[in-house]
Amino acid sequence: MRKHLIILVMTMAWLLALGVPASLALPNLVTNGGFENGSFAGWTHSGNSGATVVESTVLHDGNFAAALGPVGSNGTLSQVLNTIVGDTYQISFWFLEPKSDKFNPFHRSAPAANLFTASFEGEHLLTRRNTRNTSPAWIEYVYEITATSTTSLLEFSFRDDPGYEYLDEVSVCDLTPPPPPAPAPVPEPGSMLLLGSGVLALAVYTKRRRER
């Protein structure tokens with residue numbers, strides 16, 4: 001146990017020395033958060049499921065990312081995570097907004113419609129609505145939320161009529177250290193005396209058997 005603790009402390013120190021957030025060394029509660037299964041395995045996909053795929057062309061890291069482009073109404077991706085009441089959780093993900101589009105191709109006189117929202121345990125985290133970047137770039141969003149329930153819903157809602165938005169590397173980590181193990185109970189003096197008497201009696205019995 002002590003050896004494992006030393007290795008953990010050394011690993012965390014090494015990550016901090018490299019400038020890597022300590023939370024990255026913590027277990028990720030999200031299943032298939034980077035979509036590296038090449039699918040939405042582990043996620044509940046509901047709402048408008050059109051034009052929502054896992055692809056390998058536009059991604060932040062690894063081999064896959066989620067391309068989100070339902071038209072006319074929202075789609076959602078969600079997971080229910082087991083959480084500990086009172087623990088602080090770090091929610092992080094990488095999001096790529098679509099390139100600037102002047103018009104909605106389905107209604108040429110209307111502005112392009114796109115939406116992306118994120119929430120955790122019912123608490124709103126992010127809304128991006130009808131935003132367009134002329135120079136698209138991946139942006140990491142990081143939040144900290146204290147859990148108030150033993151289960152917490154992580155949910156993304158999205159729509160992009162003209163094109164696609166992209167989501168990658170979704171992570172939820174428990175930042176609260178586990179409580180220290182309870183100390184081993186110290187035997188009461190009476191118990192120690194009884195144990196000592198038993199050991200002494202066993203020793204005497206063994207000695208007499210050898211002398212026969």
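Arg-128 is partly exposed, with a relative accessible area of 26%; here buried means under 20%, exposed over 50% and partly exposed in between, using a 1.4 Å probe and protein chains only. This is a predicted model, where local features need pLDDT of at least 70, side-chain atom pairs count only at pLDDT 80 or more, and totals for chains, interfaces and linings use all residues. Residues are numbered from 1 along each chain as its sequence is written, and side-chain values use heavy atoms, with hydrogens and water left out.

So who does Arg-128 pair up with? Side chains of opposite charge can pair when their charged atoms come close. Arg-128 forms a salt bridge with Glu-97, with the closest N and O atoms 2.5 Å apart; the term asks for a side-chain nitrogen of Lys or Arg within 4 Å of a carboxyl oxygen of Asp or Glu. Glu-97 sits in the loop between β5 (88-96) and β6 (114-120) while Arg-128 is in strand β7, so the pair ties together parts 31 residues apart in sequence. Glu-97 itself is buried, at 3% relative accessible area.

The count comes to two salt bridges. One of them links Arg-159 and Asp-161, whose closest N and O atoms are 2.9 Å apart. Arg-159 is partly exposed at 22%, whereas Asp-161 counts as buried at 8%.

Asp-168 is buried yet has no salt bridge, and the nearest side chain of opposite charge, Arg-128, is 18 Å away. For charges, Lys and Arg count as positive and Asp and Glu as negative, with His and the chain ends not counted. Leaving aside neighbours within four places in sequence, Asp-168 has contacts (heavy atoms within 4.5 Å) that include Phe-35, His-60, Trp-94 and Trp-138.

Time to zoom out. The chain has two helices and 10 strands, which are DSSP runs numbered from the N terminus (helices H or I, at least four residues; strands E, at least two). Strands of a sheet pair through backbone hydrogen bonds, either parallel or antiparallel. Five strands make an open antiparallel sheet in the order β1-β4-β9-β6-β7, where pairing takes at least two DSSP bridges between two strands. The edges are β1 (44-47) and β7 (123-129), each pairing on one side only. Inside this sheet, β4 (residues 75-82) and β9 (residues 151-160) pair over eight bridges, and Leu-77 has Phe-156 in β9 as its bridge partner.

Finally, of the chain's 212 residues, 34% count as buried.
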